[in-house]
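Here is a short briefing to read alongside the structure. Have the viewer open and follow the topics one by one.

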Amino acid sequence: MKLLSLNCWAGRLFPSLRDYILSENADVICLQEVLRSDTTEAEWVTYRDGHLEYQQRANLFEDMRAVLPDHDAFFCTSMRGELSADTGPVWAEFGLATFVRRGLPVIGQAMDFIHDQYRHDGWGPHPRPRNAHVVRIHDPETGKPTTIAHLHGLRREDGKHDTPERLAQAHQLVGLINRLWRPNDKLIVCGDLNLMPDSATFEILQSLGLTDLVTAGAFTGTRTSYYTKPERFADYILVSRQIDVSRFEVIRDPEVSDHCPLLLEFT
């Protein structure tokens with residue numbers, strides 16, 4: 001089975017992002033920073049937050065669903081806010097997208113908030129609401145299930161250090177995973193955790209028997225040249241002992257986001 005995890009930067013580098021995802025042909029695709037809007041036909045919208053202003057793909061979820069017809073698609077919103085297009089204001093949902101190849105039956109799923117609750121009336125201040133999506137997949141070749149959880153962890157404007165909110169987020173994530181995961185199942189946790197490698201979150205996740213492949217592989221970071229701050233870590237894939245890793249890579253080329261795609265092949 002092949003899994004791809006990527007914070008796709010709200011599609012700022014689309015269509016290069018789209019072309020790369022298609023080229024990998026992964027069985028499970030876990031995307032963070034995904035927009036969906038049913039209020040506009042515009043392809044691009046503008047996001048503004050203080051001094052920040054940049055273009056985002058207005059319907060990235062629908063864009064990817066259209067080019068992945070062989071995958072079941074799940075969108076998990078965490079908040080709703082206002083953007084702008086040439087035609088005027090646009091309200092859009094922001095969250096996670098999970099794509100699972102048809103032929104890999106999803107035999108259980110759970111989505112819930114791991115920080116705060118759904119925010120429907122604007123983006124608001126940081127830290128903003130965060131959710132996680134967990135799917136339990138049956139593998140026809142092995143006859144055994146695999147549980148996969150992915151998330152976009154809390155962002156704080158003062159850095160990626162541990163905070164009480166981040167530690168509470170980790171405990172909430174463990175609780176959500178335990179709703180579906182069976183101890184003998186294979187287990188994977190992935191996504192943009194917005195944490196440094198020495199975070200106490202990893203000690204909490206070790207209670208599930210998880211090992212992080214990024215730090216274990218001595219990778220020097222998961223950010224591309226589009227990210228200019230000194231902190232180079234954000235994205236991780238953690239696996240249980242039942243996962244037999246045949247390939248794990250932090251993809252440096254092509255650059256399709258300010259985050260590197262993480263690619264895992266396993267049995």
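Tyr226 has 41% relative accessibility, so this residue counts as partly exposed. In this predicted model, Tyr226 forms an aromatic pair with Trp9. Trp9, at 10% relative accessibility, counts as buried.

**Aromatic rings**
- The pair of Trp9 and Tyr226 is tilted, with 5.6 Å centre to centre and 55° between the planes.
- This pair links distant parts of the chain, 217 residues apart: Trp9 is in the loop between strand E1 (2-7) and H1, and Tyr226 is in the loop between helix H5 (213-216) and strand E12 (235-239).
- The structure holds eight aromatic pairs.
- One aromatic cluster is formed by Tyr47, Tyr54, Phe94 and Trp123.

**Charges over rings**
- Look at Phe14 to find Arg18 over the face of the ring, 5.2 Å from the ring centre.
- Trp44 has the charged end of Arg57 over its ring, at 5.0 Å from the centre.

**Nonpolar cores**
- The largest nonpolar core has 48 residues, and Ile177, Ile188 and Ile237 are those with the most contacts inside it.
- Helix H3 (residues 164-180) gives the most to this core, contributing six residues.
- Another core, of 21 residues, lies apart from the largest one; among its members are Phe61, Leu68, Phe99 and Leu263.
- Beyond its neighbours within four places in sequence, Ile237 is in contact with residues including Leu3, Ser5, Ile188, Val189, Cys190, Phe248, Leu262 and Leu264.

**The buried side of helix H2**
- Which residues of helix H2 (residues 60-67) are buried? They are Leu60, Phe61, Asp63 and Met64.
- These four are on the same side of H2 because they cover an arc of only 160° around the axis.
- In general, an α-helix has 3.6 residues a turn, so residues three or four places apart point the same way.
- The cover over the buried residues of H2 includes helix H1 (16-24) and the strands E2 (28-36), E4 (52-57), E5 (71-85) and E6 (88-101).

**His150**
- His150 has its place in strand E9 (residues 144-152).
- Is His150 buried or exposed? With 1% relative accessibility, His150 counts as buried.
- The side chains of His150 and Thr98 make a polar contact at 2.9 Å.
- Not counting residues up to four places away in sequence, His150 touches Cys30, Leu31, Gln32, Leu96, Ala97, Thr98, Ala132, His133 and Cys190.
- Cys190 is also one of the residues in contact with Ile237.

Conventions. Residues are numbered from 1 along each chain as its sequence is written. This is a predicted model: local features need pLDDT of at least 70, side-chain atom pairs count only at pLDDT 80 or more; totals for chains, interfaces and linings use all residues. Side-chain values use heavy atoms; hydrogens and water are left out. Buried means under 20% relative accessible area, exposed over 50%, partly exposed in between (1.4 Å probe, protein chains only). Helices (H or I, at least four residues) and strands (E, at least two) are DSSP runs, numbered from the N terminus. The arc is that of the directions from the helix axis to the C-beta atoms. Contact means heavy atoms within 4.5 Å. Rings of Phe, Tyr and Trp (its six-membered ring) pair if their centres lie within 6.5 Å; planes under 30 degrees apart count as stacked, over 60 as edge-to-face and the rest as tilted. A charge sits over a ring if NZ of Lys or CZ of Arg is within 6 Å of the ring centre and within 35 degrees of the ring normal. A nonpolar core is a set of buried Ala, Val, Leu, Ile, Met, Phe, Trp, Tyr and Cys residues joined through side-chain atoms within 4.5 Å. A polar contact is a pair of N or O atoms within 3.5 Å; within protein, one must be able to donate a hydrogen and the other to accept it, and residues adjacent in sequence count only if both atoms are side-chain atoms.
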